[in-house]
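Please look at the structure first.

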Amino acid sequence: MTAGRLAAFARPGFPVFFAGHLASQLGSAMTPLALAFTALDISGSLSDLSLVMASRILPVVLMLPIGGVLGDRLPRRALMMAADCLRASALALLAVLCATGRLELWSLVALTVLSGAGEAFFRPAYEGTAPLLVPRDALPDANALLGLAFSAATIAGPALSGALVALGSPAWGLSAAAGAYLLTVLLLFFLPPVDARGTGPASSYLSDLRYGWREFTARPWVCTLTAYGALFNLLVWGPYLVLGPASADREYGGAGDWGAVMALYGVGAVCGGLLVLGRRPAGPLVVAVACGFATVAPPAALAFTAPLPVVCAAAALAGVGIAVNMSLWMTTVQHHVPLDSLSRVNSYVTMGAFVGGPVGMALAGPVAESVGVVGVLGFAAVFQLLLCATVLALPAVRAVRWETAPASASSADRATQKPEPPAPPEPPALPQQNPPARPARDSLPRQGPPLRPDPTPPRDPGQSPNHRPSRDPQ
């Protein structure tokens with residue numbers, strides 16, 4: 001790893017943003033496991049588990065457009081701090097109710113929805129902040145470093161949450177997640193204020209939504225990859241996230257083993273982040289979609305009730321693929337979308353990609369109770385194989401390249417640009433006198449080239465025409 005690949009840490013504000021992102025992702029990584037085993041403790045029903053897991057994603061889908069507009073209108077640091085305050089409050093209240101034995105299914109769903117709303121406001125503001133902190137040519141490495149922070153959180157988060165749930169109760173895991181979000185608020189307080197709001201006339205909320213939609217639909221590859229994400233979450237990853245904890249509870253060792261599986265997923269994601277760091281593939285989306293084949297392994301391993309080490313290895317392989325995919329995807333969007341609409345475009349992307357998640361989670365439990373866990377997860381593995389192969393064959397995906405010249409410079413680029421030296425002052429104009437009138441150029445007679453003097457002296461009339469003057473200087 002060369003110093004150039006870590007150059008983003010030399011930019012003002014990026015180390016604080018990196019630390020805040022790490023703390024926030026740690027809270028997000030601890031939350032699903034704690035919520036899943038809280039739901040299983042209340043009723044043990046797969047349908048109730050599906051309802052709780054879906055209630056965390058549904059508000060993200062519904063409220064992301066609002067979060068995108070606010071991310072382009074308001075200071076992004078303040079918006080991220082407010083979002084994590086909301087998430088911390090919801091999880092802290094859940095922990096209190098769970099510890100006192102007063103938690104019911106309806107209150108668990110309601111507070112989980114509130115936590116998901118915080119995610120909807122945090123994500124667009126976060127995704128629009130990195131291009132404001134680092135120059136454009138450093139964005140791939142900056143995104144890879146942020147991906148490493150996410151990967152480290154996916155290692156520590158599930159492992160810590162699983163240990164807390166196994167040794168104590170789900171309330172311990174919920175309390176730890178709330179503390180991580182509060183740490184994010186504290187760290188982001190020291191982030192320099194950054195925003196990319198336009199200087200034009202104020203527009204309405206609907207106008208901002210329409211403008212973001214035009215930027216989103218103007219790029220076919222963005223729409224294609226968003227649809228890919230929607231199908232992936234609907235039929236592959238959503239069922240896996242619901243039936244994975246249920247399988248761990250029934251076939252393996254419960255919360256501790258599922259925490260180990262998700263921790264190994266994080267280890268793979270760290271490896272994927274290191275793999276992509278410093279690399280600039282010619283076709284970034286081709287590489288990103290090809291890494292999606294790695295996500296076939298986790299549902300296939302659970303479908304065959306493979307031994308726990310095989311399940312962990314499959315999760316690690318998926319972590320590598322998803323880390324590379326997300327880093328390349330985020331950088332490609334940042335290279336092609338103007339900064340002043342980046343939060344709105346990302347909100348449409350995330351909303352479209354996540355829209356299948358709550359549906360898949362809500363249906364996974366009831367369908368698994370009818371056809372079995374093996375049938376649902378086996379179908380997920382086969383479908384993901386066909387989906388990746390289909391998307392890779394599309395010309396709109398294969399033709400995308402990273403731009404070498406930015407359409408609009410980031411604030412970090414503008415901060416490093418040297419101002420052009422001022423032009424030298426023009427000499428003062430001399431007082432003008434009225435010159436004599438001159439005839440127009442077209443009114444003058446055309447003249448030929450100036451005549452050369454004839455070197456031969458004029459002849460005397462009395463001389464003979466054949467007489468030639470002497471060359472004697474006298």
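The axes of H6 and H13 come within 9 Å and cross at roughly 140°. Axes are lines fitted to C-alpha atoms, for helices over the stretch in contact, and angles run from 0 to 180 degrees between N-to-C directions. Helices are DSSP runs (H or I, at least four residues), numbered from the N terminus.

This is a predicted model: local features need pLDDT of at least 70, side-chain atom pairs count only at pLDDT 80 or more, and totals for chains, interfaces and linings use all residues. Residues are numbered from 1 along each chain as its sequence is written, and side-chain values use heavy atoms, without hydrogens and water.

Contact here means heavy atoms within 4.5 Å.

| Helix | Residues | Residues in the contact |
|---|---|---|
| H6 | 139-167 | Leu139, Pro140, Asn143, Ala144, Ser151 |
| H13 | 308-336 | Ala323, Ser327, Met330, Thr331, Gln334, His335 |

The residues of this contact divide into 5 nonpolar, 6 polar and no charged. Ala, Val, Leu, Ile, Met, Phe, Trp, Tyr, Cys and Pro count as nonpolar, Asp, Glu, Lys and Arg as charged, and the others, Gly among them, as polar.

The structure holds 4 salt bridges (a side-chain nitrogen of Lys or Arg within 4 Å of a carboxyl oxygen of Asp or Glu). One of them joins Arg87 and Glu119 at 2.3 Å, N to O. Arg87 lies in H3 (residues 76-99) and Glu119 in H4 (residues 105-127), so the pair ties together parts that are 32 residues apart in sequence.

Terms used:
Helix = DSSP H or I, 4+ residues; strand = E, 2+ residues; numbered from the N terminus.
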